[in-house]
Amino acid sequence: MARPASAAEKTLDRNLTLELARVTERAAVAAARWRGRGDEMAADQAAVDAMRSELGRLAIRGRVVIGEGERDSAPMLFIGEEVGAGGGPRVDLAVAPLEGSTLCAKDMPGAISIVAIAAAGSLLYAPDVYMDKIAIGPGYPPGVVDLDNEPDANIAALAAAKGVAAQDVTICILDRPRHAELIARCRAAGARVRLISDGDVAGIIFTAQPAETGVDMYLGAGGAPEGVLAAGVLRCVGGQMQGRLVLDSPAKIARAAEMGVRDPRKKYALEELASGDVMVCATGVTDGPLLFGAVFDREAIETETLVYRSSTGTVRRIRALHRASGKFEAE
């Protein structure tokens with residue numbers, strides 16, 4: 001395991017934000033070429049190839065702590081892989097070259113490419129398993145909701161903190177059979193439920209902008225990688241989040257222990273999922289509520305990227321035009 005970062009390495013160079021945007025732009029454009037073609041694997045592989053190539057250009061000494069899976073199942077951007085051109089800071093990376101591969105394959109809203117970066121030792125290093133999650137946006141007292149509370153208790157507490165009735169609280173949940181009981185309990189408590197087919201990174205980010213998205217809380221089990229990426233965004237824009245790894249077999253518990261997880265039932269707070277100076281970049285692959293997708297024409301490719309940074313609380317929206325001559329991918 002890498003040594004903790006020094007004090008000098010805790011704050012990332014501000015210029016790295018634009019370099020990181022280039023990484024997600026490349027991956028998003030590569031994936032967008034497969035929109036609507038029905039081939040999830042090809043779209044994901046195109047994004048992985050593009051992202052891995054661009055990360056190799058960055059002046060960092062990076063380690064993928066959240067990636068495409070374990071080494072034996074992911075040929076690139078696997079958990080533990082070393083990336084970067086070297087000569088720069090030691091950093092942790094959480095990557096999702098294509099978040100929402102099904103959405104991309106079906107040309108449905110909400111597919112994005114996203115990367116989070118922080119000083120070494122700042123992002124949760126965990127196996128590719130499920131994570132139980134709860135998240136709300138900024139402006140509420142600490143501890144107003146808790147992963148260990150029943151859904152109706154969390155809904156009532158959030159409604160009271162917001163000054164509304166439970167009927168005016170909207171919960172975002174992944175539409176999966178495993179969530180059938182959770183969905184029923186939220187509705188029984190009076191809350192509205194917004195179901196999403198994929199992309200729970202965006203689902204959690206929705207809670208940070210309830211006035212725009214209408215989402216007050218995220219609940220349910222999704223991928224641990226998506227949980228860490230979303231935690232990085234909430235660190236930048238505000239909000240609360242808790243997560244617990246779903247380690248439901250001896251093999252998963254053993255693998256997690258190898259990666260430093262001593263308590264398989266540990267409930268992680270937001271700052272334990274993503275700490276220090278965190279930067280996150282997300283670029284749209286398909287049109288969605290957060291970002292528009294890559295637009296292709298004869299002369300240029302247009303992309304839209306959100307760039308977040310926790311140390312300044314800055315959120316930048318970058319609309320970029322790239323020459324469509326083929327040089328964009330080849331540079």
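Contact between two residues means that heavy atoms lie within 4.5 Å. In the predicted model described here, local features need pLDDT of at least 70 and side-chain atom pairs count only at pLDDT 80 or more, whereas totals for chains, interfaces and linings use all residues. Residues are numbered from 1 along each chain as its sequence is written, and side-chain values use heavy atoms, with hydrogens and water left out.

Leaving aside residues up to four places away in sequence, Met 241 touches Lys 133, Ile 134, Ala 135, Ile 204, Gly 227, Ala 231, Leu 234, Tyr 268, Ala 269, Leu 270 and Leu 273. Met 241 also belongs to the largest nonpolar core, which has 52 residues; together with Ile 114, Leu 245 and Val 280, it touches the most other members. A nonpolar core is a set of buried Ala, Val, Leu, Ile, Met, Phe, Trp, Tyr and Cys residues joined through side-chain atoms within 4.5 Å, where buried means under 20% relative accessible area (1.4 Å probe, protein chains only). The largest share of this core, eight residues, is supplied by α8; helices are DSSP runs (H or I, at least four residues) numbered from the N terminus. Domain 1 (15-123 + 278-328) and domain 2 (130-273) each contribute at least three residues to this core, the domain bounds coming from an automatic or database domain assignment. Another core, of 37 residues, lies apart from it and includes Leu 12, Leu 20, Val 91 and Ile 301. In soluble globular proteins, nonpolar side chains tend to be buried together.

Note on methods
Buried means under 20% relative accessible area, exposed over 50%, partly exposed in between (1.4 Å probe, protein chains only). Helices (H or I, at least four residues) and strands (E, at least two) are DSSP runs, numbered from the N terminus.
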